[in-house]
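Thanks for making the time this morning.

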Amino acid sequence: MKEIELKLQGKIKRLTNQTFKFDERIKDGWFSAVYFLKTREIVKRHKEDNIVTMQFFQKNHAVLCGTDEVIALLKTFSDDPNSLEIHSLKDGDKISPFETVLTVTGPYQNFGYLEGVIDGILARRTSVATNVYNVVKAAGKKPVIFMGDRDDHYTQQAGDGYAAHIGGSTAQATHAMSEWWGKEGMGTMPHALIQLFNGDIVEASKAYHETFPKDELLVLVDYNNDIITDALKVAREFGDLLKGVRVDTSRTMIDQYFIRNPDLLGTFDPRGVNAPLIFALREALDNEGFNHVKIVVSGGFNEKRIKEFEKAHAPVDMYGVGSSLLKINIGFTGDNVLLNGENQAKAGRKYRFNPRLEKVE
């Protein structure tokens, strides 16, 4: 049973290294800034009896993520984890600028070298969770597929997928993205499948359905840059078996629908996936009785574009979003703010008590 299931059942409070599978070189300081490593050695020689409190914050309204991972990091790699007192908010908590999200109290030499690693975990996870939250909010009640597999190094998929889940995405493109939160990836066909059938959308869809008969049939219809023609072809062929079509037109292309109907042009940007094109697709499907066929759009979508589509009441049933969700736009700072229980911090920093913090057992 995955740890996330145990957590949801209330049997454990936090995910552990059983989920995160940290690189063991963290213990050797391989991923820590060298000045932290040097400071650790100095403190061991000269100030080993001091107790510090390190606190972490950021400067945005955000959705916090990465706290379970950070706590597991501290439990796994700090010297004598029992010497540490940790207070933390939880993954998924809404946080405010400068709000303290985590404090760690203990001998500096036991955990201080992990400061930068902690900052990085919180920054990436919170950025992705917040980006996804904002996109999901923009989409209203419509599902958002997290499609960030091609926009970053593959080793980031599990953590990004978890952060996307915390942000509200309920479907993700790879199994790795779903690893930490207990689901499987979802997807149907890429352009490559249609290419292998010489651009024949119907034959490619038949092969897909024959190979995966239990899958809901969702067909990619922009391969030939004529989404309405191809959507109607597969709808006529499969009828009720066709559950949806996906439109992923390149932002440098103008669909053949507008070439056939040039009188529609002149008041909007006709390139790529645009609201007038999706309205036309919905109308064409409905006119032939295919009201049940859902429309999924993807290709360069972000919070701004989704808001524009929703404001126009474009008949989209699901959004696929990728690169915009992986922008790291939230940075965390760790500061030592108490020394042996007394205020001691660099100018401009101070201990900020947060009653929302929970003590980590």
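What follows is a short tour of this structure, which is a predicted model.

Six strands form an open, antiparallel sheet in the order E13-E12-E1-E5-E3-E14. Strands E13 (342–343) and E14 (358–359) stand at the edges with a single partner strand each, so one side of each is left without a neighbour in the sheet. Strand E1, residues 51–57, pairs with strand E5, residues 102–107, over six bridges in the antiparallel sense, and within that pairing Ile 51 stands opposite Pro 107. Helix H6, residues 115–138, packs on the sheet, where it touches E1, E5 and strand E12, and its direction makes about 25 degrees with that of E1. Helix H4, residues 67–77, lies across E3 and E5 and runs at about 175 degrees to E3.

Next comes helix H10, residues 227–238, whose 12 residues reach 16 Å from first C-alpha to last, close to the 16 Å expected at 1.5 Å a residue. Which of its residues are buried? They are Ile 227, Ile 228, Asp 230, Ala 231, Leu 232, Val 234, Ala 235 and Phe 238, and what covers them includes helices H9, H11 and H12 together with strands E8 and E9. Just after the helix, Gly 239 takes a positive phi of about 55 degrees.

Finally, the charged pairs: a search of the whole structure finds 24 salt bridges. In one of them Lys 142 meets Glu 310, with the closest N and O atoms 2.9 Å apart; because Lys 142 lies in the loop between H6 and strand E6, and Glu 310 in helix H13, the pair ties together parts that are 168 residues apart in sequence. Glu 288 forms a salt bridge with Arg 236, at 2.5 Å between the closest N and O atoms, and here the loop between H12 and strand E10 is tied to helix H10, 52 residues apart in sequence. Arg 236 counts as exposed, at 51% relative accessibility, whereas Glu 288 is partly exposed, at 36%. Lastly, Glu 69, Arg 124, Arg 125, Asp 152 and Asp 160 are linked in a network of salt bridges.

How values were computed
Residues numbered from 1 in each chain as written. Predicted model: local features only at pLDDT ≥ 70, side-chain atom pairs only at ≥ 80, totals over all residues. Heavy atoms only, no water. Pairing = 2+ DSSP bridges. Helix = DSSP H or I, 4+ residues; strand = E, 2+ residues; numbered from the N terminus. Contact = heavy atoms within 4.5 Å. Axes fitted to C-alpha atoms, helices over the stretch in contact; angles between N-to-C directions. Expected span 1.5 Å × (residues − 1). Buried < 20%, exposed > 50% of the residue type's maximum accessible area, 1.4 Å probe, protein only. Salt bridge = Lys/Arg side-chain N within 4 Å of Asp/Glu carboxyl O.
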